[in-house]
Amino acid sequence: MKPINVGLLGIGTVGGGVYAVLERNADEIARRAGREIRITVVADRDIERARRLTNGAVKLTDDALGVTRDPDIDIVVELIGGETLAKDLALSAIENGKHFVTANKALLAVHGNEIFAAARRRDVMVAFEAAVAGGIPIIKALRESLSANRIEWVAGIINGTTNFILSEMRDKGLPFAEVLRQAQRLGYAEADPTFDIEGVDAAHKATIMSAIAFGIPMQFDKAHVEGISRLESVDIGYAGQLGYRIKLLGIARKRPEGIELRVHPTLVHANKLLANVEGAMNAVLVQADAVGATLYYGKGAGAEPTASAVIADLVDITRLHTADPEHRVPHLAFQPDQVLDVPVLPIGEALTSFYLRMRVLDKPGVLADITRILADSDISIDAMIQREAGEGESQTDIIMLTHQTVEKNAEAAIARIEALDSVQGKVTRLRLETL
Ligand code: HSE
C-alpha cells in the first residue's frame with residue numbers, strides 16, 4: 001500500500017526523537033498502521049542540525065509554511081512550539097487538507113477552538129496525544145477509553161519541571177533557584193521556565209483535559225493559575241509533619257454549577273499514589289462514575305517518550321484517514337454539536353480544603369479567637385499543630401488544616417483572622433485535596 005508521507009516541522013529534541021523512533025521501529029509501526037509511515041520532508045531553521053539527524057535521507061527546508069502546502073504531504077507534524085507561527089502553520093496545513101499532529105499545548109489551549117473549527121470545515125484530523133503529559137496516553141484514555149463514563153474530575157501532576165523542583169526541595173532541602181537550574185540542565189524546563197514555574201504549562205494541559213473530559217470548549221483564559229515560585233520551604237516542612245506532600249496539581253472538576261479549572265500547589269496526603277509521584281514524572285488521576293478512579297503514570301517529557309505519543313497519533317491517522325469523517329473520533333471527544341458552553345467557575349466558587357499557617361502572639365485566647373471565626377464561618381478544623389515557641393520568643397506559628405469549604409467563604413474568614421491584633425501579617429493559605 002502507498003506509504004503515508006509526513007512533513008515534520010521542527011527537528012529539535014522531540015522532532016529528533018520522532019525521526020529516530022520512526023526509523024528504528026519502522027517495521028513494527030507499519031505492521032500496526034497497515035502501511036509505511038515515512039517522513040519525507042523536514043523543516044527547521046537549523047538545516048545543519050536537520051542534516052545531521054536525518055543523515056541526508058529526507059528533503060530539508062527552512063520553509064515550514066511551504067511544507068504545509070506541499071501536495072505530496074498527507075500529515076503535518078508541528079513540533080516548533082510557541083503560539084504565533086505554530087498557529088499559522090496549523091491553519092495553513094488544515095486549509096491545505098492535511099491532517100495535523102502537534103505536541104503544542106499552548107497552541108491548543110489558546111487557539112484550539114479556532115483550529116478545530118477549521119479542521120471540521122476541511123474534514124481533517126487534529127491529533128495531540130503528546131500535548132498533555134508527554135508519553136502518557138491520557139488523551140486516548142479520556143477521548144476514547146473512558147467514553148462510557150461521566151467523568152467527574154481529573155487531577156494531575158502534569159508539569160515535570162515543577163514536580164522535580166518540589167521533590168528535590170523536600171528530599172534534599174535544596175533552595176528553589178538551585179533546583180530550577182538543575183531542571184534546565186536536564187532539559188525538563190520549557191525554553192521560558194516561567195511557563196513551568198508559574199503554572200502556565202500545567203494550565204494549558206489542564207485546559208485541554210477539561211475540554212475532552214467534559215465536552216466543553218477550550219477556556220484557558222478562565223483557568224485559575226498559580227505556580228510554585230511563592231511556595232516557602234517552611235510550608236513543605238509543616239505539610240510533611242502533618243502527613244502531606246505539596247504537589248503542583250492541574251484540576252478539572254465538573255460540578256452542577258459549572259467547571260472548576262485550576263492549577264496551584266496542593267497538599268496531597270502522603271499515602272495517596274499521586275503524592276508519591278517524584279522527580280520529573282507525570283501522573284493523572286481520573287475519577288469517573290462507572291470505572292471509578294484510574295491512574296496514568298509515566299514520563300511527561302523527553303525526546304522518545306514524547307515521540308511515542310506523536311507516532312501513536314500518526315498511526316491513528318494512518319488507520320483512519322480513508323474513513324468517513326463522521327466515523328472518526330471527534331476532536332474534543334464529544335460530537336461537535338454536543339460540545340456545551342458550560343461556564344468555568346471563578347476560583348471563589350471552588351470547593352476545597354485549606355492549609356493555613358499564621359504567625360500569632362503566644363498568649364491566652366489567641367487560638368480561641370481564631371477557631372471562633374472559623375466556626376462562625378462553618379469551617380471545620382481537621383488537624384492542627386502549634387510550633388513550640390523558642391526561649392524568650394513571644395510569637396509562634398499555628399498551622400491548621402480545614403475540611404472542605406467554598407473558597408470565598410474561607411477567604412472571608414481568613415480576612416477576619418488577619419484583622420485580629422494577635423495575628424501578625426498575612427495568613428499563608430494553600431489548598432488541600434482529598435482526591
Ligand atoms: N516543560 C514541560 C514539563 C515539558 O516540565 O513537564 C513537557 O510539556
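View 1. A nitrogen atom of the ligand lies 2.8 Å from a side-chain N or O atom of aspartate 196. Taken alone, the ligand exposes 260 Å², and the protein buries 91% of that (Shrake-Rupley accessible area, 1.4 Å probe). The side chain of threonine 161 has an N or O atom 2.6 Å from a ligand oxygen atom. Asparagine 159 places a polar side-chain atom 3.4 Å from an oxygen atom of the ligand. A polar contact is a pair of N or O atoms within 3.5 Å. The model is predicted: local features need pLDDT of at least 70, side-chain atom pairs count only at pLDDT 80 or more, and totals for chains, interfaces and linings use all residues. Residues are numbered from 1 along each chain as its sequence is written, and side-chain values use heavy atoms, with hydrogens and water left out.

**View 2. The shell around the ligand.** Lys105, Asn159, Gly160, Thr161, Tyr188, Glu190, Asp196, Asp201, Lys205, Gly300 and Ala301 surround the ligand (a heavy atom within 4 Å). By class, two are nonpolar, four polar and five charged; Gly counts as polar and Tyr as nonpolar. Helices α8 (160-172) and α11 (200-214) each supply at least two shell residues (DSSP runs: helices H or I, at least four residues; strands E, at least two).

**View 3. The second largest pocket.** Its volume is about 530 Å³, the space filled by probe spheres set on the grid points. Of 28 lining residues, the closest to the centre are Arg120, Val329, Pro330, His331 and Pro336. A pocket is an open set of points on a 1 Å grid, where a 1.4 Å probe fits, with protein on both sides within 12 Å along at least five of seven lines; lining residues have an atom within 4 Å of a point. α6 gives the most to the lining, with five residues. The lining divides into 17 nonpolar, three polar and eight charged residues.

**View 4. One aromatic pair.** The count comes to one pair (ring centres within 6.5 Å; planes under 30 degrees apart are stacked, over 60 edge-to-face, the rest tilted). The rings of phenylalanine 116 and phenylalanine 128 have centres 5.7 Å apart and planes at 50°, so the pair is tilted. Phenylalanine 116 sits in helix α6, and phenylalanine 128 in the loop between β6 and α7.

Conventions
Polar contact = N/O pair within 3.5 Å; in protein donor to acceptor, adjacent residues only side chain to side chain. Phe/Tyr/Trp six-rings, centres within 6.5 Å; stacked < 30°, edge-to-face > 60°.
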